[in-house]
Amino acid sequence: MSESEQDSAADLQQEVCRHLAIYVPRIFCLGLSGSDREEQREELACQLLLLAPLEWLLLGEEPAAGLALLQENNQPSALCGHVFKVGEPTYSCRECAADPTCVLCMKCFLGSVHKEHRYRMTTSGGGGFCDCGDSEAWKTGPYCQKHTPGDGNQDTDEVRLMSDPVAHLATDMVGRAFSVFFIILKYAVDLLTWEHEDLLPAGLQPPEREDTYYCMLFNDEVHTYEQVIYTLQKAVSCSQKEAVSFATTVDRDGRKSVRYGDFQFCEQAKSVIVRNTSRQSKPLRVQVMHSSVVAHQCFALKALSWLGQIIQYSDGLRRILCQVGLQKGPEGENSSLVDRLMLNDSKMWKGARNIYHQLLMNSLLMDLKYKKIFAIQFAKNYRRLQTDFMEDDHERVVSVTSLSVQLFTVPTMARMLMVEENLMTTIIRTFVDHLRHRDPQGRFQFDRYTAQQAFKFGRVQSLIGDLKYVLISPPSKWSDQLRLKFLEGFYAFLELLKCMQGMDPVVRQVGQHIEMEPEWEAAFTLQMKLTNIITMIQEWCSTDERVLIEAYKKCLSALSHCHSSLPDGEQPISLSLAGHSVETFRYQVSQEKVSIHLPVCRLLAGLHVLLSRTEVASRFPEQLPLGELSPPLLIELPLRCLVLCAQVHAGMWRRNGFSLINQIYYYHNVKCRVEMFDKDIIMLQAGASMMDPNHFLMIVLSRFELFHVFSTADIRKRYREANKDLVQQNTLIEEMLHLIIMVVGERYVAGVGQVEPYDEVRREIIHLLSIRPMAHSELAKALPENGNKETGLERVIDSVASFKKPGVTGRGLYELRPEWNRYFNLYFHHYSRADQSKAEEAQRKLRRQSGEDTALPPPPPPPLCPLFGSLVNLLQCDVLLAIEGAVLQWAVEPSGGGWTESMLQRVLHLVGMALLEEQQQLENSSGYEDVTFNYACKITREAPSTSGSVLALLESLQNAPHLEVHKDMITWILKMVSNIKMMRERTSSASSFTVSPERGSEETMKDKDKAERKRKAEMARLRREKIMAQMSEMQKHFINENKELFQQSMEELEASTSATHHSPPSAELTCVSQVAVGPRRVGGTERRQLVTCILCQEEQEIRGHSRAMVLAAFVQRSTVLSKNRHCNLPNPEHHDPLFMHPDLCLGIHTASCGHIMHATCWQRYFEAVQLKEQRRQQRLRGHTSYDVENGEFLCPLCECLSNTVIPMLPHAASPDHSVENPSLEVWLKTTNQQIAALHSAHRTQSDGAAEEAEPVVPQGFKVDFTPQNPFSSSISEMITTFSLSTYKVGLKVNPNEQDPRVPVLSWSSCAYTIQSIERLLMDEEKPLFGSLPCRQDDCLSSLTRFSSACWTAAPLKTVHTHFIRLLSALVPDTQVENTPSILEIDMFHLLVYSVLAYSSIHCLDQSGCSVVDSGHLHLLHLVTVAHLVQILLTSTTEEVCMDQDNSGSEEEELTCQLYSTLRNHLGSVLPEVSSGWQLYRCLKAGVLPFLRAAALFFHYLNSTAPPDELLIAGPGQWEALCSYLSLPSNLLLLHHNQQTLLKPLIHSWCCHPGVRQTLQGGGAIIRFPRESNRLIELPEDYSVLINQASSFTCPRSGGDKSRAPTLCLVCGCMLCSQSYCCQTEVDGEDVGACTAHTFTCGAGLGLFLRVRESQVLFVAGKTKGCFYPPPYLDDYGETDQGLKRGNPLHLCAERYRKIEHLWRQHGIAEVIGHAQEANQALVAIDWQHL
Ligand SMILES: [Zn+2]
Ligand SMILES: [Zn+2]
Ligand SMILES: [Zn+2]
Ligand SMILES: [Zn+2]
Ligand SMILES: [Zn+2]
Ligand SMILES: [Zn+2]
Ligand SMILES: [Zn+2]
């Protein structure tokens, strides 16, 4: 830049500042009112007055055109760089990603090759971007289709790095961009890092200053939401709502102005806030800031966002911005604008950080050249940034340090930073510096571990994460520089490990229990976090021999340093046994300090294995300090640790409390064991392979404090000495033997044995599956993960196991293939004792089933690597033989306590291992001479201390009766011995080596054995089967007699027995003319009903005058059938339920578990429940799974949620067939007369005088007649009980017996329940009759009969009035007003109500010349005709052209006739329809559900057996249905044959003003048949849902992401659940979005899918809910609740259908009840806040 240019640039800067100084305070932050209009105005002004001028300045022309031109000329980079929103799905390929942090956005993923690979799906925590196009992030397929570089410029990264995108820009544009970007970026940086509250930077001071201030509240992570809300209400006296909104914004943006006014006014609020929050912790941060400062900061953020948008148009502009940002300022080092931002990061508020981080991601991280420069700056400042972060109290995602994942995970970048900025060492040193708690020896000490320290400790751990990124991929090429810097980092790391070596030491507590559990978690957390790092460092070492050797040396010297104090002051002692002696020193784990933390030893063990694996040791022995190794010292500390575990198992450390138990647990746990337990075993193996095996074993014996046991020959002495601790000592011996087995036998680590890592994983899986079949996730959890979160499971699993698919419940399982059973090792080192015994049992069972012997001999071991080769000598050394001899000797006598079976079993295992070893060596050798291993021979030798050789002892034990269980194993051993002898003899005698004939004879022996075993097994099986049969007989009995039964088994039983239970109607009943309604109907009175009370077990016949019997029942509101989810719930006080609207928007459903009780027994039971609840409430508060106050209880037999009981009533009597039946005309006339008589009587009653002429009263009709109550008082009482229940639940009101609506709601429940069951049967294509489970059948039957009787409990006049009004909907009655039109009535409800109400009229007719049934029939006919009209009116609004010349059938013609009648009345409102075929088809389909429901209704009302045709699904239904209902199969005849009579009725229906209004669009038209409601359709791929949810914003807080987006499965509505922002008040209580939604969508019941959790949520009311497995499964047949595993999830249609079925059959409340009953923790959840 020339001087003049600089001048002009300075001028421009001044000019821009002047402009901003004037306008910014005028535009931004005028007061507090954050209304939408205000915001829009601000936005507009900002765009016009501030940003547009900048764009002109930058582009030099009209912005829109200029930007378009820029974009056109741009050559975009191939990076996608899509920045993730919170909750957005991200994908990583498990096969191709360089590491798990490499992710793709959904768009790129779907266009990539990886969607065919094994991929992992997670939801983003926000921040981070798509790595598509970054060739370093992907081993293959780095580009998706969209980001594949075009054919024209197939640039490699290299080329793109070199080419300068700025070259594509015009020169003047470049100049303008430099100056504008600089001015704006500097302005923004100045303001965001500005610390004055009252002043502005030079040049920005406003022309006039006003006394306007803001009281600014800042966010912290210390104070809770509630505290902030409470404080704000006090400090600025705002409403709770405003306070919530303030708090939400503070939480989101990091700050929010809570008061606006003069200085004094704001200062006052500040002091109140500070005072109120300073009590327990540091106070909330509050600043009083001048309004102009706030305004400029506001604009600074807008300007940054603007920059981010502008550079999207051009890579050239992006690079200029990068250059401007990283250009050093005049102050030199760390003075660039980006540096200033980074270094002030922790001082900024959240909103500001988010915006500039976003800008960094859009600019620096998207430009490969500047990304490197930025990374160097970042690494240079690393220590300082981390320290700032440590002091800061914000989450890591809003800290600039979180950018490390973008920089360090690029392998070339990480390596460059390691070499140039010594990054590895920096990170480790920073980490060590921040862990300041040390003991005098310099080890970490975390005792006095407070919450605040825990918080800090948590933050420090992010450094480990950074270290992991740096190390995640080992280099393929090493430079000398890299070696140097890596080793420097390695030394730093060793320093860290040295601080951990020996931390948290423990001393055995004797006498008293420890007083305080010592802190242990911090140390283990550290260990756990470092586990992967330690493994990675070893991996790095393994790739370069020089590095490995140097690291090994360094590690060894570090260990020597740790050991320097080890044998100090200890007395040397000498041990001798079996002719060998060794020097060691005295040390007892049980008396001195011992620590579990030995990371330096373990690292050395790891490196030692690498030396062996890479064969460095054999190639460069001279470079290795192997001579410096002192094997006894190497094994000392790991051995102590293992002895500690053994002693803990033996119960010697009981008084040390749980902290020790936990430590031992984690020591073996899969999360830690790789770098703890496993390495200790390896260290022992390394040490033992370098020592005389006898010496090794003697030291082991000594550390186990068992030396004296085996050094004395006298067994009695052992009893005397051990005395009371004998059990303890026995356990120690077992543990010691187990340890020897592991040291010799564990060879599945590459480097110890000659195996591959693949074999290691396979062996783990074999042993896991030997316990039992397991699900994929169980296996994955039980295997250690590497740094890439991989276990290697998938590579192996299919070779060893077969997969069994899950059913509708449960999950898919893997089962071990039988050919792998022979690899089972009972003493597998990762088995816990419990695992071991389970596996043993399972394996023995398997062998027994396949007719084999039950010996579990050791599996053939893989050969050892040379460095570990001498380990095998342990098996045949004298000390071990002495130990084996001793144990076998003890076992000769079946004495109590002197030895244990496990001890013997372990010795037998060791013997077996030795024999296997010898056999293998013999098989693999060419001649007898090279096999030095000679165990079989050694065991024949007489041992001095025992009464015979090991072999002789074994032979004598073989037939010992007290060792029956071990017989097979001993036999196996003896066979092995003779085999080996034979092999040796053969090789020595003859060179021809053939074993086959011998094997052959052995084989026949074996076969014989086998056959015998098989026969025995078969007999055993027969015996078992017999017993099973007896058992199941007893079980059946038990089911009948017993109450301890669960609902589920009951249901299953019912389903399977319903066919038989439901005796198919016998032949004489199912004659052709089986009729359920009308005078010709067939009754069911013949059947006596005998039932048993589940409570007192007494039998009782159902009769009208006997003791009442009741069914437990659950009444609930339902919207399952609703066709209108948006209608407002009726006002309970004024709602008139007499006419159900055809949209069925709210019904009352009754269900029952079918369990019958005496009413009195039930009452007693319920009173007891109430009493218990009262007592419980006094003791502890909280909810139960049922609400006793609302009458809820659990069925005493099946624990099904219930809230009332249905009385059971006798069958209806058969009609008197001698009575003549009136025709419809006569019946209508009579009924009209009867009604008229009632009208007049009612009037007389109310007015006291008759004004009009007495109407004609039909003969025998007695208006004043009071019928006799047909029921006993106890039954009447129960009728009232149930009536009131439906009334109370249905209307949500308090019970009121006097309310005339009481019977209506009972009828309603009957009609609605039948309708919903009819729908279910229809949709599941089940036959109408005979397919319902018993409980539903009993429920419907009782419910219907109850409904027909419930009028007896209500005042007669009330029921009369109902009937009169109901009939007036069909037959016009001038005396009745406000009758709805037929389009507003559900005809089935009308039928049920009018039939049930009719009895009340009929009972007044004492003439004896009519039966109530003829009334029913006429009502059915009338309602059917009305329904036909209703269907015709609503069915055809659009003309469908059909073949018109088709000569119609009779039905079609009559349909056309009726339709034209309707058109005569309504004219053009109805469309013209010419096709009778079409009309009739609609009509038939539309009326079918009604007919089916009516058939069910009359079936249950009159107990008429259904015709055969209806017991099966299939054709012929229509005719059977019509005849069962006493209807002509041509339904149109109902109209045709009564045309004159019906004409005026049809006229009145059509002329109801409501009809015309509805048809002309004045209301929703319901068409028939109503389509069944289903749950919403879900996408097949779960990530589609996640994506949907991630773009869902909270509807209340203006564009914010919702934290818990939740999908209503009923209506598909997405909700913002579990959040303050979306709480609403329902009945005076704040509830979350889900609960609120259930009240509008599901009448209080809801089914949701919590998208982020992949979990189904059921809620009922405000207090009840449960989680339910989602219908999404991964490929292994498992759900992923919580989305933790990230396997791709797909919809399982069966499971979703099951959920839908639950909902449609009204079973959700019951599921919740059972879930809560089973898991009390669910009861305590505040479901209403979800
Ligand atoms: Zn992408
Ligand atoms: Zn892409
Ligand atoms: Zn892939
Ligand atoms: Zn009873
Ligand atoms: Zn029950
Ligand atoms: Zn909904
Ligand atoms: Zn919300």
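What arrangement do the four donor atoms around the zinc ion (ligand 3) make?

Modeller: Happy to. A word on the source: this is a predicted model, in which local features need pLDDT of at least 70 and side-chain atom pairs count only at pLDDT 80 or more, while totals for chains, interfaces and linings use all residues. Residues are numbered from 1 along each chain as its sequence is written, chains are lettered from A and ligands numbered from 1 in the order in which they are written, and side-chain values use heavy atoms, with hydrogens and water left out.

The arrangement is tetrahedral, because the four donor atoms around the zinc ion (ligand 3) subtend angles of 99 to 116°; to count as tetrahedral, four donors need all angles between 85 and 135 degrees. The ideal angle for four tetrahedral donors is 109.5 degrees. The protein donors are Cys93 (SG), Cys96 (SG), His114 (ND1) and His117 (ND1), at 2.0 to 2.2 Å from the zinc ion. Donors here are N, O and S atoms within 2.8 Å of the metal (3.2 Å for Na, K and Ca), and sites may look incomplete because water is not among the atoms. Along the sequence, the donor residues follow the spacing C-x2-C-x17-H-x2-H.

Cys96 and His117 link distant parts of the chain, 21 residues apart. Cys96 sits in the loop between strand S1 (86–93) and helix H4 (106–110), and His117 in the loop between H4 and strand S2 (119–125). Helices (H or I, at least four residues) and strands (E, at least two) are DSSP runs, numbered from the N terminus. Cys96 counts as buried at 3% relative accessibility, whereas His117 is partly exposed at 23%. Buried means under 20% relative accessible area, exposed over 50% and partly exposed in between, with a 1.4 Å probe and protein chains only.

Now for the wider fold. Helix H18 (residues 423–434) has 12 residues, and 10 of them are buried, so H18 is largely enclosed by the rest of the structure. Among its buried residues are Leu423, Ile427, Phe431 and His434.

The largest nonpolar core has 289 residues, of which Phe181, Phe299, Phe374 and Leu526 touch the most other members. Such a core is a set of buried Ala, Val, Leu, Ile, Met, Phe, Trp, Tyr and Cys residues joined through side-chain atoms within 4.5 Å. Its largest share, 13 residues, comes from helix H6 (residues 171–192).

Technical notes: Tetrahedral: all angles 85-135°; square planar, octahedral: opposite > 155°, others 65-115°.
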